Amino acid sequence: MKKFLFYSLFLMFLTIFCQTTLAQQKHKNFSVSVYVRAYEVEKMKDAKWLESTWKTISDQLDVDKIYLETHRDLLIVPDATLDKAKKFFQKQGIEVAGGITYTIDESNDFETFCYSDPEHRKMVQQIAEHTAKHFDEFLLDDFFFTSCKSDIEIEAKGGMTWTEYRLKLMNEAGRNLVVNPAKKINPKVKVIIKYPNWYDHFQGLGFNLEDGPQIFDGVWTGTETRDPGGNQHLQNYLSYNVMTYYENLSGGRNGGGWVDAGGINMSMDRYAEQLHLTAIAKARDVMLFAYNQLLDVKLAPNFRAPWQGNGTSWNYDDMTAPFKKGKETITPTTMARIADITLHKADALVGKLGNPIGIKSYKPYHTLGEDFLQNYLGMIGLPMDMHPTFAQDQEILLLTQQAAADPGIAAKIRKQLQAGKDVIITTGLLKAIPEKIAEICELRCTDLKAIVNDFGRYGKSSRDILIPQVLYQTNDSWEIVSAGRPLNGGVSGYPILHKALYSKGYLYVLTIPDDFGNLYDYPEAALNEIRKTMSQDLDFYLEGPSKVSLFMYDNKTLIVENFNDEAVQVNLVANENVSSTELSNLEEGENPKVVITESKTRKGKQITTKRFPLTIKPHSYLAFQYK
């Protein structure tokens, strides 16, 4: 009887606990966090300021977790203020963690610490210890790198390159100045490193994507792409691609993505897109930087783009309309409301998506060459899946110039081809390792250039494009897509997509224009041929213009997203292995009708082509499931 009573009480307690937990859970498929800079944490000593600012944000945004920064620009938040702020948020039912930005003066070109300077080393360690006293988890913001070239660092570097020196230095600093001292103060503490979005250049400043995920307890991802025309030139697709890349290299320990207000000046949609892409990359958390932006970036008429009001994916009018929260009517005032609506919409979709998949691209650690190219390819409808290792389980692999850093790359390519599988290389890789590629096919890519605008039967581009010339032995390999100026009725043409048979597989060469952005100017039909060739491992590929991305998942779901300022017509084309003739809309909306056409007989088999025509509104997406 006592046992029965005990178990009954235990089950009752468990039920109440689960119900309470579920009631407090604001998002089902990821958590939403807010990062607070040390400047704002320091202000939280004023209870009135803390309460009023939190009300402004929390009225408009559902928050699950908050990160309180202890240091930035030599401002160290005192113990008493940290304790006060921490207790305040815990009382609100918000999970609390810490943060550190290791800058001396962010306004001075992000002036960093000099990690060989004894005085700086002492400060770095003290900041980590100070933070570990207050939190069982803290995160290092973007700046745990070094750009310092003081006399102390120059002498310490010796004969090493700056990259070699800084990779070694920051590994040591991470272990001995941050992680180990923090864990000595608080054995339970987890120290997370947040890596920014400029991943191709990390090694030059000491960010180590090979060793860092093992030194720290986890990683986070900067997914802010802001205005692609800004000084970093980050393409929209990077907000998704960098999430999956860090997930792959960290062994599944990527905690979440991080978005700031950059780009909101272009329209509300540019901010919403970054949050949405972070979420559909299956982030475990979406971090909003920062508390001050959620307070100070006010809703403004210029955030409403011309395409708004036509049923696009995000509705600015909804985001500015008064709404009920409990018994109170809230009138939105800041960007916090944009984030809230965007993330709740994403939360409903993300629960239906599997794990991201795509065309695997091999990027060895610490490599340069054709920097950030995969994000441009993502913007022409090629789903990217970047890995730090050479995959051996794919029908086709993408290798950019960065693969040249692998001394065994030629043997790996030959093995793939002899297994009856294909490899697609860029002109950058061909130019980097011509002798190794010549073992497979005698192709050349020198300094010779061509200006093209006519792609023959594939159409014309709206502008001239400067490309490298791919040269080959006639009848030894073959052009698939060519271009000239003009090509039809012209005097010469050059390969855009080229193929060479080796053993049982094909080596393809994709010509990359000198300005990667000119990929967006390739005619639709040329892009369609490239997509079809590169999508052998996927169930679908796109037909249509550029700046439309395809996101694929392993549970037979997909998303097509339009980044253009006007509506587009595209086709989702099923590969041969897909038997389904139905696409089911994962959100509200119609299911597209399939158009079935019979293609030529191949190897005695009649091949059926299934196309699903779609109309996608500006800066909008459609999501589907298939069988």
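Residues are numbered from 1 along each chain as its sequence is written, and side-chain values use heavy atoms, without hydrogens and water. Because the model is predicted, local features need pLDDT of at least 70 and side-chain atom pairs count only at pLDDT 80 or more, whereas totals for chains, interfaces and linings use all residues.

The protein contains 18 helices and 31 strands, taken as DSSP runs numbered from the N terminus (helices: H or I, at least four residues; strands: E, at least two). Along the principal axes, its C-alpha atoms fill a box of roughly 75 × 65 × 60 Å. Among contacts (heavy atoms within 4.5 Å) with a separation of 6 or more, 75% join residues 24 or more positions apart.

Of the 627 residues, 57% are buried, meaning under 20% relative accessible area, with exposed over 50% and partly exposed in between (1.4 Å probe, protein chains only). In soluble globular proteins, nonpolar side chains tend to be buried together. A nonpolar core is here a set of buried Ala, Val, Leu, Ile, Met, Phe, Trp, Tyr and Cys residues joined through side-chain atoms within 4.5 Å. The largest core has 98 residues, of which Ile-66, Leu-68, Phe-89, Ile-280 and Tyr-291 touch the most other members. Beyond its neighbours within four places in sequence, Phe-89 contacts residues including Trp-54, Ile-66, Leu-68 and Tyr-291.

The structure holds 38 aromatic pairs. Rings of Phe, Tyr and Trp (its six-membered ring) pair if their centres lie within 6.5 Å; planes under 30 degrees apart count as stacked, over 60 as edge-to-face and the rest as tilted. Trp-49 and Tyr-291 form a tilted pair, 6.2 Å centre to centre with 40° between the planes. This pair links helix 3 (residues 47-60), which holds Trp-49, to helix 11 (residues 291-296), which holds Tyr-291, across 242 residues. Tyr-291 counts as buried because its relative accessibility is 0%. Elsewhere, one aromatic cluster includes Phe-110, Trp-198, Tyr-245 and Phe-372.
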